[in-house]
Amino acid sequence: MGRPEELSDPKKFDEIMEKINTRLAIGAIPLRERALMAQAILGDELDYDIAGDDSVYPQTVEWYRKTFPDEKI
């Protein structure tokens, strides 16, 4: 299976991460844990094997850094 378009298109990635973050933020989960959990949810949302793509976690962490610049990850 090829890499989903949502992982390559910054706008689509931002949209899906916003949805995932909204779900996780409700539980007041710290950002580092949110990033890890978001990666797992992202795999489910895209029906994609995240474990086989080493670039997804850094991409997810970078999204959190840009979205929440004042919080430590």
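User: Is Tyr64 buried or exposed in this model?

Analyst: Tyr64 comes out at 0% relative accessibility, so the residue counts as buried. Keep in mind that this is a predicted model.

User: How do I read a pair of aromatic rings, and which residue does Tyr64 stack with?

Analyst: You describe two rings by how far apart their centres are and by the angle of their planes. Here, Tyr64 and Phe68 make a stacked pair, with 6.1 Å from centre to centre and 20° between the planes. Both Tyr64 and Phe68 are buried.

User: How many aromatic pairs does the structure hold?

Analyst: There are 3 aromatic pairs. One of them joins Trp63 and Tyr64 edge-to-face, at 4.9 Å centre to centre and 90° between the planes. Trp63 has a relative accessible area of 4%, so Trp63 is buried. Put together, Trp63, Tyr64 and Phe68 form one aromatic cluster.

User: Which residue has its charged end over the ring of Phe68?

Analyst: That's Arg34: its charged end sits 5.5 Å from the centre of the Phe68 ring. Arg34 also touches Tyr64. Leaving aside residues up to four places away in sequence, the contacts of Tyr64 include Met17, Leu24, Ala38 and Ile73 as well.

User: What about the core? Which residues have the most contacts inside the largest nonpolar one?

Analyst: In soluble globular proteins, nonpolar side chains tend to be buried together. In this model, the largest nonpolar core has 18 residues, and Leu7, Met17, Ile20, Leu42 and Tyr64 have the most contacts inside it. The elements giving two or more residues to this core are α2 (10-25), α3 (31-46) and α4 (56-67).

How values were computed: Residues are numbered from 1 along each chain as its sequence is written. This is a predicted model: local features need pLDDT of at least 70, side-chain atom pairs count only at pLDDT 80 or more; totals for chains, interfaces and linings use all residues. Side-chain values use heavy atoms; hydrogens and water are left out. Rings of Phe, Tyr and Trp (its six-membered ring) pair if their centres lie within 6.5 Å; planes under 30 degrees apart count as stacked, over 60 as edge-to-face and the rest as tilted. Buried means under 20% relative accessible area, exposed over 50%, partly exposed in between (1.4 Å probe, protein chains only). A charge sits over a ring if NZ of Lys or CZ of Arg is within 6 Å of the ring centre and within 35 degrees of the ring normal. A nonpolar core is a set of buried Ala, Val, Leu, Ile, Met, Phe, Trp, Tyr and Cys residues joined through side-chain atoms within 4.5 Å. Helices (H or I, at least four residues) and strands (E, at least two) are DSSP runs, numbered from the N terminus. Contact means heavy atoms within 4.5 Å.
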